[in-house]
Amino acid sequence: MDVVRTSLDLRAALRVRSGAIGLVPTMGALHDGHRSLIAAARAENATVVVSLFVNPTQFGAGEDLARYPRDESGDIRTAETAGVDVLFAPGAEDIYPAGFDTWVDPGALGEILEGAVRPGHFRGVATVCLKLFHLVRPDRAYFGRKDAQQVAVIRALLRDLDLDNAVTLRVLPTVRDPDGLALSSRNAYLSEADRRRALVLPRALTAGLAAHRSGADPVAAGRAVLDAEPTVEVDYLAVADLDGPTLAGAIRVGPTRLIDNVRLSGEDD
């Protein structure tokens, strides 16, 4: 596996490889959710590229950029074991060099749900993903359904900027632990007691889905579950069209913020 840290080295590493390229963008702290994306990319492409970059522009003031989980040596071992060909681990100065001032505005889709709570978040996501698409030139890009709004933003970016004929978006189902909690790098923040409280989010989404299937209000049903856990702060629970009607929620358990969602109709991509 090649580990490269600059865009120039990335281009050199890819120049000697042939065939289809699969890109798995990550912020590191790789877990089984990331492994599922890498496995799909490995099965479908000649070359697999994983980016490892904690993107500062998608964090707002007071968010957890400084303490976001980082384990580069562990991530390198995980990536190599999973069959990654190129691990791209740039510094912020390579992605955002001096004078950088061009941004991708995701529009109204980037202003609801996560975008309303975290203004500017999806501008950072869309910009860094567009840069990665141009640097790697993948045939396929792999994202997890757990970040459903992010997937919708990337899908719109590819469509609106005429990249969908060059990059196929592959979206894989959310990977969960046996207790139902969606895998996330931020789960590492949770104490044992906080983790038990965090399970209220998947329970609320399950209740909302069941209500929807019976013709009842999914938000009201999910909110009743969340309200029964008063130690959890709810940022939002709402239905939005995220490539299909989706019940999405975000909660804060102590200092930890978690998101999750469930599609109300259709299947995962």
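**Notebook: a walk through a predicted model**

I began with helix α2 (residues 32-44): at 1.5 Å a residue its 13 residues should span 18 Å, and its end C-alpha atoms are 18 Å apart, which agrees. The expected span is 1.5 Å times one less than the number of residues. Helices (H or I, at least four residues) and strands (E, at least two) are DSSP runs, numbered from the N terminus.

A note on my source: this is a predicted model, where local features need pLDDT of at least 70, side-chain atom pairs count only at pLDDT 80 or more, and totals for chains, interfaces and linings use all residues. Residues are numbered from 1 along each chain as its sequence is written, and side-chain values use heavy atoms, with hydrogens and water left out.

**The sheet**

I looked up the strand order next and found an open sheet of six strands, β1-β4-β3-β2-β5-β6, with parallel pairing. Strands count as paired if DSSP finds at least two bridges between them. β1 (2-4) and β6 are at the edges with a single partner strand each, so one side of each has no neighbour in the sheet. I then checked β3 and β4, which run parallel and are joined by three bridges. Val49 stands opposite Val86 in β4.

**Back to α2**

Which residues of α2 are buried? I listed Gly33, His34, Leu37, Ile38, Ala40 and Ala41; buried means under 20% relative accessible area (1.4 Å probe, protein chains only). The buried residues of α2 pack against β2 (21-26), β3 (47-52), β5 (140-144) and β6 (168-172). Contact here means heavy atoms within 4.5 Å.

**The cores**

I moved on to the largest nonpolar core, which has 34 residues; Leu10, Val49, Phe133 and Ile154 are among those with the most contacts inside it. Such a core is a set of buried Ala, Val, Leu, Ile, Met, Phe, Trp, Tyr and Cys residues joined through side-chain atoms within 4.5 Å. α6 gives the most to this core, with 10 residues. For Ile154, leaving aside neighbours within four places in sequence, I noted contacts with Val125, Cys129, Phe133, Phe143 and Leu169.

**The hairpin**

The bridge partner of Val234 in β8 is Ile251. Three residues lie between the strands of this hairpin, where Asp243 takes a positive phi near 55°.

Terms used:
Buried < 20%, exposed > 50% of the residue type's maximum accessible area, 1.4 Å probe, protein only.
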